[in-house]
Amino acid sequence: MKYKGSILLFTLLFLTLIKTQTIAQITRGAQPGELYLTTDWYMDNYGHIHYGIFRSVDNGATITLQYESSTASPPSEMGVGKVLGDATPGALYNYGGGELWVSFDLGESWQYVENYTSTGFYTSGSVEGEIYKNGTDVEGTLFYSDSYGSSFNINNLDIKFYLEVGTEPGELYGKSGFAGIGFNLKYSFDYGQNFITIPIDSVVAFWSVSGNQPRISRGTQAGEMYLISWWLDSNYKIFHSTDTGYSWTQKYESEYIDLYFWRVFYTAGREPGSFYVMRSRINDAGDHVWLYIDYSSDYGETFTTYFHDLDSTITDVNTPEIDDNKLSNYPNPFINQTTFTFKLPKNCTKPVLSIYNVRGDLIRQYNVSGKSSLQWDGTDSYGNTVCTGIYFYKIRCKEFSSEINKLLIIR
């Protein structure tokens, strides 16, 4: 797929949008060899940038598209952001644009969880349903949930550093300090209520290059950690610890990386010794992304690289729409129950009917595969009766989507 205008303008626009909207992340799944990643994907002929959530079950050798959004997607739909794996098989979080969403079907359909301030971030993955949130206020409030984010408790009021969960329940790591001055590792075994401080040797982590701070990632055994640090030669080093960060062993040093073109992210895996580096950049023509997944099975000492051209096999797809004239509900307005009727296109896989309120918050989702009608009793995903008012609904498949939101009124 080639843009018919100026290649130079096309490339500059794509790079500008990506620089201001970094949509890239890699995370371990719940199973050995399972990865999820988000990335900008390609620009279509209308200038819309597409983003995708991809999954791999073979350490990155092959990837499958699970979900996509674009700069043309309506505000009510989830935008692809950063992903976090949960310890629950098939469970995944997506956050970005001030919203947290959760999926329980490998990232194919999503449920809205909450809004948060744009400075916040999350960490999860050690225990099923466990997720932490911080960075949402200047005080450094640390929030904890054991219910997939449906409710949070405050565990600490002064956490102003990046967090990573450990391998044991209640175990939490952090990294504090400043580039050129020194960094410390923070360790908690009581869900972040208290931390001990472990200085990090300056030969392990000292600099921040092009905004790339030193990062930590848990291993698979108690006390096992990885630390990835950047150096002024614009390269990174991978260090490994088996004693909660008191000592580190260097495993790998990369070559020079031009960070104007490349984005680099990393995570340890679920199998002992597994470590992944995700590298991506815009292709030379400027119309889609080249993706590289580096996989190590020996604690980051050596890597096998898998390359994915995110235009050659995925983007040349026609996306006809669902006929909105064949999507309706009756009665409308309604009081206790209404029936949706629809006719899905041929080859429509995994169709989902979604209901939203006027703010664009997702209220309820239904899998309508093999159906032509569906009854709704006016309750949300938790079984609570929703308020009287105006709502909208639409159907989306992997290949198709209804063009507009349909009006729905509850008396």
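**View 1. Four strands line up as an open sheet in the order β5-β6-β7-β8.** The pairing here is antiparallel; two strands count as a pair if DSSP finds at least two bridges between them. The names come from DSSP runs numbered from the N terminus, with strands (E) of at least two residues and helices (H or I) of at least four. β5 (82-85) and β8 (111-115) sit at the edges with a single partner strand each, so one side of each has no neighbour in the sheet. From one strand to the next, the twist averages 25° (axes are lines fitted to C-alpha atoms, for helices over the stretch in contact, and angles run from 0 to 180 degrees between N-to-C directions). Zoom in on β6 (residues 92-96) and β7 (residues 99-103), and you'll find 5 bridges between them. Leu92 stands opposite Ser103 in β7.

This is a predicted model, where local features need pLDDT of at least 70 and side-chain atom pairs count only at pLDDT 80 or more, while totals for chains, interfaces and linings use all residues. Residues are numbered from 1 along each chain as its sequence is written, and side-chain values use heavy atoms, leaving out hydrogens and water.

**View 2. Strand β30 pairs with both β27 and β31.** Between β27 (residues 352-357) and β30 (residues 389-396), 6 bridges hold an antiparallel pairing. β30 also runs antiparallel to β31 (residues 406-410), this time with 5 bridges. Follow Phe392 to see both links: Phe392 is the bridge partner of Tyr356, and in β31 its own partner is Leu407.

**View 3. Tyr46 sits in the loop between β2 (35-43) and β3 (49-56).** Its relative accessibility is 71%, so Tyr46 counts as exposed (exposed means over 50% relative accessible area, buried under 20%, partly exposed in between, with a 1.4 Å probe and protein chains only). Tyr46 and Ala72 are 26 residues apart in sequence and 9.6 Å apart in space, C-alpha to C-alpha.

**View 4. The side chains of Glu77 and Lys394 meet in a salt bridge (3.0 Å, N to O).** The two ends are 317 residues apart, with Glu77 in the loop between β4 (64-70) and β5, and Lys394 in strand β30. Both Glu77 and Lys394 are buried. The rule for a salt bridge is a side-chain nitrogen of Lys or Arg within 4 Å of a carboxyl oxygen of Asp or Glu, and by this rule the count comes to 10.

**View 5. Arg279 and Asp294 form a salt bridge through their side chains (2.8 Å, N to O).** Arg279 belongs to strand β22 (residues 275-282) and Asp294 to strand β23 (residues 289-296), 15 residues apart. Arg279 is buried, and so is Asp294. Another salt bridge brings Arg281 and Asp284 together (3.3 Å, N to O). Arg281 counts as buried because its relative accessibility is 17%, but Asp284, at 60%, counts as exposed. Elsewhere, salt bridges that share partners join Arg28, Glu164 and Arg218 into one network.
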